[in-house]
Number of protein chains: 2
Amino acid sequence: GAGADNDLYINQAIVFIEDAIQYRSINHRVDSKSLWLYRWYYSRTCQWILSLTITIILALAFIEKPSSLTVTSDVRYRLPAWNPPCGLTESIELLCFLVFMLDVSVKSYLVGWEEFWKNKWLMAYILTLIVSLTDWIVSLSFLCTEDVRIRRILRPFFLLQNSSMMKKTLKSINSTLPEMASVVLLLAVHLSLFTMFAMLLFARTKDGQQDKEWMVYFRNLPDSLTSLLVLLTTANNPDVMIPAYSKNRAYSIFFILFTVLGNLFLMNLLTAIIYNQFRGYLLKSVQSSLFRRRLGIRAAFEVLSSLKEAPANAQQSYVNVGALQQVLQKVEMDFRCKQAIMRSLEVCSCDQLSAAQFQKLFEELDKDAIRQHPPSPDYQSRFMQKMQFAFGHPYFGYLGNVVALANIVSICVVLVMDADKQPSERDDFFLGAINCFFILYYLLEMLLKLLAMGLKRYLSYPSNRFDGLLTVILLVLEIATFAVYGFPHPGWRPEFIGLLSLWDMVRLVNMLIVFRFLRIIPNMKFMALVVTTLLDLVKNLRAFAGILVVVFYAFAITGIMLFEGAVVPMGNIRYIGNKLNTSCLFFTLFLSFKEKCGFMGLFGYFQAEVIYCLLYLLSLNLICRWAKIYFVAWWLISSVIWVNLFVALLLENFIHKWDRRCHREPLSDIEYQRTVELMFRDVLEEPTEEELMEKLHQHPHLQLCR
Amino acid sequence: GAGADNDLYINQAIVFIEDAIQYRSINHRVDSKSLWLYRWYYSRTCQWILSLTITIILALAFIEKPSSLTVTSDVRYRLPAWNPPCGLTESIELLCFLVFMLDVSVKSYLVGWEEFWKNKWLMAYILTLIVSLTDWIVSLSFLCTEDVRIRRILRPFFLLQNSSMMKKTLKSINSTLPEMASVVLLLAVHLSLFTMFAMLLFARTKDGQQDKEWMVYFRNLPDSLTSLLVLLTTANNPDVMIPAYSKNRAYSIFFILFTVLGNLFLMNLLTAIIYNQFRGYLLKSVQSSLFRRRLGIRAAFEVLSSLKEAPANAQQSYVNVGALQQVLQKVEMDFRCKQAIMRSLEVCSCDQLSAAQFQKLFEELDKDAIRQHPPSPDYQSRFMQKMQFAFGHPYFGYLGNVVALANIVSICVVLVMDADKQPSERDDFFLGAINCFFILYYLLEMLLKLLAMGLKRYLSYPSNRFDGLLTVILLVLEIATFAVYGFPHPGWRPEFIGLLSLWDMVRLVNMLIVFRFLRIIPNMKFMALVVTTLLDLVKNLRAFAGILVVVFYAFAITGIMLFEGAVVPMGNIRYIGNKLNTSCLFFTLFLSFKEKCGFMGLFGYFQAEVIYCLLYLLSLNLICRWAKIYFVAWWLISSVIWVNLFVALLLENFIHKWDRRCHREPLSDIEYQRTVELMFRDVLEEPTEEELMEKLHQHPHLQLCR
């Protein structure tokens, strides 16, 4: 009947508008049941459960068998890690796989059979699940004693496929790969030509004393290649040229040429290329997001316009305002946006909306979120008004900054004076007393500000929240200290009582005070700009970070599998092998490895550290050849490509921000929330009506009336 | 009389046009004698003498007393450097000063008294000369035994003031300084806050075993600051965190936070800021060059238009074509440009030129130099024509590349096979034979190409010149080898005869063959783009490199003066001091210094090497505090600021080039010669008529009639 049809159209419109808000594709089934399933699938609970499952399956690596999650990384001291019994992690894994299977079947059903075959991500998802389950069965049938577990390497895929932003970013990176490959090829040519040159230049001579350079770095082709590759990372920078340089200064010309061409030119060229290429692709992906949003809105308009049975003018279709209001009530969206749209609907006071008007209404979604701070309280008494004026004034904030600076300086002075004292000679009285005074001032400042601004306005500023929270923590710590150790007095250094010693308490208080000093940031213009750029960057960087996590996880699991059992604690003995011994000195390697780099501790280290460390070891020729490939690949991906992508994004962000700062002065009381979409808004092109309608007519499930 | 006036006007026009060509200011005296002096001063001979003088005075440092220009840098082996007698270098210096005094007085006279007071560079020039002469007199009166010689540090100023491009670049860098200072301030805040945090975190504990971290890196404020500063350069990257990390993995969070914030964010932010700021200023400076050119042309027009006594129409002024031709004959300019202007004058066939026509005529100066290759010879016989077609075809070039590659591969194979052989076991027969064959092929290729293209066309391609030169050198070497050692035969390894041993000859030949392989570059599109970008960069970078030389020179001389006598050869003894000894271990320091870094050898080393080396030493706390400041300043200037400027310039260059490549396909037979002016041509604004005339009326010496 018409009523059922109308209900369906309303539901379709609701889903399309929600798709537009979330930048989702509208190419899914649109019958009543599917719409219900679709809304259920994209409900907050369902998505939360999915994210939790992904987190759990990724986190399993920390407790699974060859894990090394212990306090210390030193193999000599650390206790053996806890080994879960066979079947525990496997049953958790099975639960996760069941959730994923449910996920993939709902997704596949919703996109429909035809779309399914076009969607490579879904196919890969199913394939990954099949491989993982097979591997899981194999694992159980071996009673968890098998070594190779492919499913662990595949795990990060679940994280990847669940984020559309990450998929988009991956696509962008993928498009940049040919250009990057060219530069990497160029680097390879550079490296191989210089290697041949080096082998000819530093050849073995008849006089055995003279060819130190040949002995250590250029003995044969793999050695020479490694030496120069490591020189490219600057890890063995002065060392590699010292023997030749001390023979004749002119040899340095070779190394200087190599470094200038490789490090200064080619590496920076890589930055330039990635910046240039990636800029375009980021813009493109944002453009396609905009298209999805416009398309969703347009689809909602089309289904709503077919709602009314009597369209008098066949030329143009209109939407009833009442129907739109009905839809808006049910749509899940940001409360502020909904309010704004409802308000403009009331202001317009027409009861028919054209397609253009309809689109315009939803442009509210693209706007910056503007946050107004609540007003200060109105006091009646003249005295209170004066107080309010005095303590609400910016100068009072500046005074607070000066006091915080004074506190920092005093801590610094005490630190310098106490630097060489024995712990038993130390007297905490002075520091305790001044900290007590300063914390009282901070409390007073907070209370006076609360008085002047009122609780709501006070809390609406992030800097005040930061300030207040730290002041409260400091106060609690100080009261706890006094409760346990009494008030400060000369010679105040009692023994250890309770959870923390007095010395630790004082240190903690001091650290928090240093941290609280960061409140000065918003008061310095340039600093504020830099910090907001960095915060934006962190927001826009989530997709990148996710991809890095995916790669890191896969590499770490591969590393654990490859080098499992290579690390065996050998007590206090450190055996540094003869450098010229060509056999794989695995014990040596991974013992020194553990102590020096601690690589196996998953996520335990920042990548750059690992890399320098690894490459340093590489340069010592302690690693056999096939392990070299693993580390060089990791260096290329993380250090060269990822860092350059990061620099490109930072350049992009900063230059946009800087340009905008010059164009308009930001209003003092308004805060903008920027996303990568908003950053490019000036450059984006609106899709035309024809493009939208053509795309709508290609929809696999929606049959438009006209 | 009118004739004398006319001569003056003609001469003025000549000088103004020459000013326009060289982008010089036109604010100089314009009377007959001054004009003669001006042309003499800017003549090639005079400028060449000036450049030579600057080179000589800068090169003096290599032979002056505390120099260390010896073959080896190892203090244990090297012979004492030659010490020139007192008075030798001083008299050369006096000669240079005399030339500079002449230079400064001519320059000052030419700009005129009024302009002189506004010109800070001239004033600084005179001041530098006065200080240098005073120092010279002091030096002579002490019979060259005094230690402090200020005039040496001032020497690079003479280089700086002589190049207008360098002065301009310095101005640009100067304008970027406030922004850079902000980031450096931010870095300082970051560093100091983290230092305080570190001192609180890694404080001395009662258990002496547990505080390795405190002992080595965070003992007191200067130590902590140094440790973290060095961490910022990644020189002590894994080492600094190992003691804390092996105690508890969680300590790594501190170091990760510091590195991410400092290295990843703030350092890259510096790149972004420098890129952003510098881009604008470079454009601005190029814009002002354009203005100077247009102004010079306009001034020439104005003086030529007042040449004729009967200007009928007072509204507009005209220039006689005959007068212009007379001027053009005497102007010193590029022959190609002059021809082009003369030709368009003939084509125009009018005898009066308006201001706009006059400007348009000289736009030839801004155009890219297009070079046409001479035609191939025309052969009569059919056979020769076929030969010409076959060997002039690109495929013949590709065949040559394949043969060169085969040669490289064969050398590589021989190198790998011979890697572990003793020099006495080595047999040079195989390599000698194949190289002989390949060199014969190269000779044949060159002759056939010469036949097909003719000498002129062959030489007009840079790749052919490169190729031919190397082939000739290879041939000469090969013939010399055969002449001395006979033809290759099995067991061909005779003893040392003549200048070079057979083995050295073969090595040299191989190196040249590897070098010759670079001929493939123009055949690969992406490689060609990269190489032309790099070549452009080198052209545009001359001013930067000059400034780097100036800074490097000043730093090196200061370093020599500060640390003179600190290096004393101590035979074979290497005394590595106790790290915790706080006294300045200068002997230790500079002995290890010499062997490890060889810093004192002026220009002997590339900066990055020195820096890493120095910072590594810094981290070992071997350097006392006041020397630290010197090294940190050098690190900031060369490694941080200069490298970032370089990256900015590379980004700018590459992105411009890339964009242009997309816009238009370069014609195959035409080569463009690009300069920084041409790079920005699309973005530059033409100065308006009013601006030009206003500037002309402000000229201090030129009185325009109207």
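**Notebook: salt bridges in a predicted model**

I started with burial: A:Asp467 is buried, and A:Arg516 is buried too (buried is under 20% relative accessible area, exposed over 50%, partly exposed in between; 1.4 Å probe, protein chains only). Ground rules I noted: this is a predicted model, with local features needing pLDDT of at least 70 and side-chain atom pairs counting only at pLDDT 80 or more, while totals for chains, interfaces and linings use all residues. Residues are numbered from 1 along each chain as its sequence is written, chains are lettered from A in the order in which they are written, and side-chain values use heavy atoms, without hydrogens and water.

I then checked how A:Asp467 and A:Arg516 pair up: they form a salt bridge, with the closest N and O atoms 3.4 Å apart (a side-chain nitrogen of Lys or Arg within 4 Å of a carboxyl oxygen of Asp or Glu). A:Asp467 sits in helix 20 (residues 462–485) and A:Arg516 in helix 21 (residues 502–516) of chain A, so the pair ties together parts 49 residues apart in sequence (helices are DSSP runs of H or I, at least four residues, and strands of E, at least two, numbered from the N terminus).

Next I went to chain B. B:Arg294 forms a salt bridge with B:Glu686, the closest N and O atoms being 2.7 Å apart. B:Arg294 is in helix 13 (residues 252–305) and B:Glu686 in the loop between helix 27 (676–679) and helix 28 (689–697), so this pair ties together parts 392 residues apart in sequence. I found B:Arg294 buried at 5% relative accessible area, whereas B:Glu686 is partly exposed at 45%.

Last, I noted a salt-bridge network linking A:Glu90, A:Glu93, A:Asp135, A:Arg151 and A:Arg155. I logged 28 salt bridges over all chains.
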